[in-house]
Amino acid sequence: MNPKIKITIQFIFSHLSAYLLVSIPYFQLVMKDYYEGETAVFPLFLVTANDGAAWARAMSWLFPTLIFQAILMVSFLIVIWDWFRLQTFGKQMFVLVWMRTVLGGLAAISPAVGSLEGMVFLIPEVTISIHLYVVFEIFLQSLVQAGIFLGLVNRWNPKT
């Protein structure tokens with residue numbers, strides 16, 4: 001199999017796995033009250049389960065969007081792959097976690113929950129603590145994804 005395709009498949013798998021392993025429990029344990037209930041903040045500007053038809057439409061696009069998101073991220077990784085493979089496990093983890101947490105979250109160029117611009121431009125009901133909860137979720141996803149991805153890559157392509 002073409003190495004770039006193999007890397008892409010491994011990255012997509014690790015991306016989807018991290019989403020399922022982190023986001024579902026994190027939603028139930030930490031974020032649910034921000035999406036549902038009388039004090040929910042996110043329905044003020046996001047589609048939530050409160051709007052059944054819009055939620056169903058969003059859920060039908062979730063996994064295709066996550067796959068496309070992974071393809072966009074791995075396209076950068078493929079560009080630096082020769083350099084990346086020569087790095088220690090710690091540096092590889094740092095690059096992957098930094099790429100997703102910092103570039104994909106905190107430094108994202110959009111006013112989103114968990115981004116610096118979001119902290120400036122979102123409605124006051126989205127408090128700094130909510131932003132930090134989201135950044136922490138992104139960080140946890142990044143750690144899990146990096147661990148899964150590097151496990152897959154190093155298992156089939158051990159360094160000599």
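Colleague: How much space lies in the largest cavity, and how should I read that value?

Modeller: Rolling a probe the size of a water molecule over the atoms shows where empty space is left. A cavity is a set of points, on a 1 Å grid over the protein atoms alone, where a 1.4 Å probe fits but cannot get out. Grid points are joined across faces, edges and corners, and a volume is the space filled by probe spheres set on the points. Here the largest cavity holds about 50 Å³, and the structure has 1 cavity of 30 Å³ or more. This is a predicted model, in which local features need pLDDT of at least 70 and side-chain atom pairs count only at pLDDT 80 or more, while totals for chains, interfaces and linings use all residues. Residues are numbered from 1 along each chain as its sequence is written, and side-chain values use heavy atoms, leaving out hydrogens and water.

Colleague: Which residues line the largest cavity?

Modeller: Lining residues have an atom within 4 Å of a point. Among them are Phe11, Met73, Arg100, Gln145 and Phe149. Helix 4 and helix 6 each supply at least two residues of this lining; helices are DSSP runs (H or I, at least four residues), numbered from the N terminus. By class, the lining has 7 nonpolar, 2 polar and 1 charged. Ala, Val, Leu, Ile, Met, Phe, Trp, Tyr, Cys and Pro count as nonpolar, Asp, Glu, Lys and Arg as charged, and the others, Gly among them, as polar.

Colleague: And what lines the largest pocket?

Modeller: A pocket is an open set with protein on both sides within 12 Å along at least five of seven lines. The largest pocket has about 1500 Å³ of space. Its lining comprises 42 residues, with Tyr19, Tyr35, Leu62, Leu66 and Gln141 nearest the centre. Helix 1 (3-35), helix 2 (52-79), helix 4 (89-106) and helix 6 (128-156) each give two or more residues, and helix 2 gives the most, 11 residues. The lining has 27 nonpolar, 12 polar and 3 charged residues.

Colleague: Is His131 buried or exposed?

Modeller: Buried means under 20% relative accessible area, exposed over 50%, and partly exposed in between (1.4 Å probe, protein chains only). His131 lies in helix 6 and is buried, because its relative accessible area is 0%. Beyond neighbours within four places in sequence, its contacts (heavy atoms within 4.5 Å) include Ala112, Gly118, Met119 and Val126.
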